[in-house]
Amino acid sequence: MGLLECASGQSAWRGYEYYLEKRVTKVEKLYDNAYSGKVLGSSKSSYITIADMEHPRKSACSCPHANGKQIICKHIVALYFTVNPAAAKNYYEACIEAEKEAEKERDEIEEKVISCVHSMKKNELAATLLEYLFDGPEWQYDKFVREHIDWN
């Protein structure tokens with residue numbers, strides 16, 4: 001499992017943003033596939049990081065989120081992308097592709113929902129709407145009341 005696969009989605013994306021913002025201020029090669037670095041955090045503190053690409057769980061960071069834990073934080077990801085710009089490019093392209101796929105899937109589901117609603121009889125629609133209003137979340141019921149009930 002690679003370093004990015006060990007990071008949360010949020011840490012990977014924020015690390016990519018830190019890479020783009022050039023927050024990695026110092027890089028030093030420790031040995032094959034391992035680097036140390038200094039990364040400027042969001043609070044303007046600098047954190048000491050180690051990115052071990054061969055053994056990601058040996059990576060470390062002095063930030064409060066990862067310090068003393070086997071967590072791949074955004075600072076480690078930023079260091080990883082700084083020493084491996086091709087990985088940053090691949091990561092971004094994969095994110096764009098995943099977003100396109102997700103959008104396509106949402107569009108397909110929306111089309112199916114619209115088709116299903118249009119194929120329902122009036123009494124089926126009414127029964128389904130009432131079920132969702134009475135059994136669904138309270139905010140949904142309240143919104144319906146605010147938007148559709150005339151109290152005059």
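## Briefing on the predicted model

Helices α3 and α4 pack with their axes 4 Å apart and at an angle of about 115 degrees, which makes α3 roughly perpendicular to α4. The structure is a predicted model, in which local features need pLDDT of at least 70 and side-chain atom pairs count only at pLDDT 80 or more, whereas totals for chains, interfaces and linings use all residues. Residues are numbered from 1 along each chain as its sequence is written, and side-chain values use heavy atoms, with hydrogens and water left out.

**Helix packing**

- Axes here are lines fitted to C-alpha atoms, for helices over the stretch in contact, and the angles run from 0 to 180 degrees between N-to-C directions; angles under 35 degrees count as roughly parallel, over 145 as roughly antiparallel, 65 to 115 as roughly perpendicular and the rest as oblique.
- Helices (H or I, at least four residues) and strands (E, at least two) are DSSP runs, numbered from the N terminus.
- Where α3 and α4 meet, Y80, F81, T82 and V83 of α3 are in contact (heavy atoms within 4.5 Å) with P85, A87, A88 and Y91 of α4.
- The axes of α5 and α6 cross at roughly 120 degrees and come within 6 Å, and the two helices are therefore oblique to each other.
- On the α5 side of that pairing stand L129, Y132, L133 and F134, which meet Q140, Y141 and F144 in α6.

**Buried residues and their contacts**

- S11, placed in helix α2 (residues 9-20), counts as buried because its relative accessibility is 10%, where buried means under 20% relative accessible area, exposed over 50% and partly exposed in between (1.4 Å probe, protein chains only).
- Not counting residues up to four places away in sequence, S11 touches I72, C73, K74 and V77.
- C73 lies in the loop between β4 (60-61) and α3 (74-83) and is buried, with a relative accessible area of 1%.
- Leaving aside neighbours within four places in sequence, C73 is in contact with S11, C61, C63, H65 and A66.

**Salt bridges**

- A search of the whole structure finds six salt bridges, each defined as a side-chain nitrogen of Lys or Arg within 4 Å of a carboxyl oxygen of Asp or Glu.
- One of them joins K29 to D32, with the closest N and O atoms 3.8 Å apart, and D32 counts as exposed at 57% relative accessibility.
- Another is formed by the side chains of R106 and E99 at 3.1 Å, N to O; R106 is partly exposed, with a relative accessible area of 44%, and E99 is partly exposed at 43%.
- The side chains of E147 and K143 also meet in a salt bridge, at 3.8 Å from N to O, and because these residues are four apart in helix α6 (residues 138-148), they are separated by about one helical turn.
- K143 counts as partly exposed, at 37% relative accessibility.

**Nonpolar surface patch**

- I109, V113, V117 and L125 make a nonpolar surface patch of about 310 Å², the areas coming from the Shrake-Rupley method with a 1.4 Å probe, and for residues only the protein chains shown count as cover.
- Patches are made of residues with over 30% relative accessible area and no salt bridge, with like charges joined within 9 Å and nonpolar side chains (Val, Leu, Ile, Met, Phe, Trp, Tyr) within 5 Å.
- Helix α4 (residues 85-119) gives the most to the nonpolar patch, with three residues.
- L125, found in helix α5 (residues 122-135), counts as partly exposed at 34% relative accessibility.
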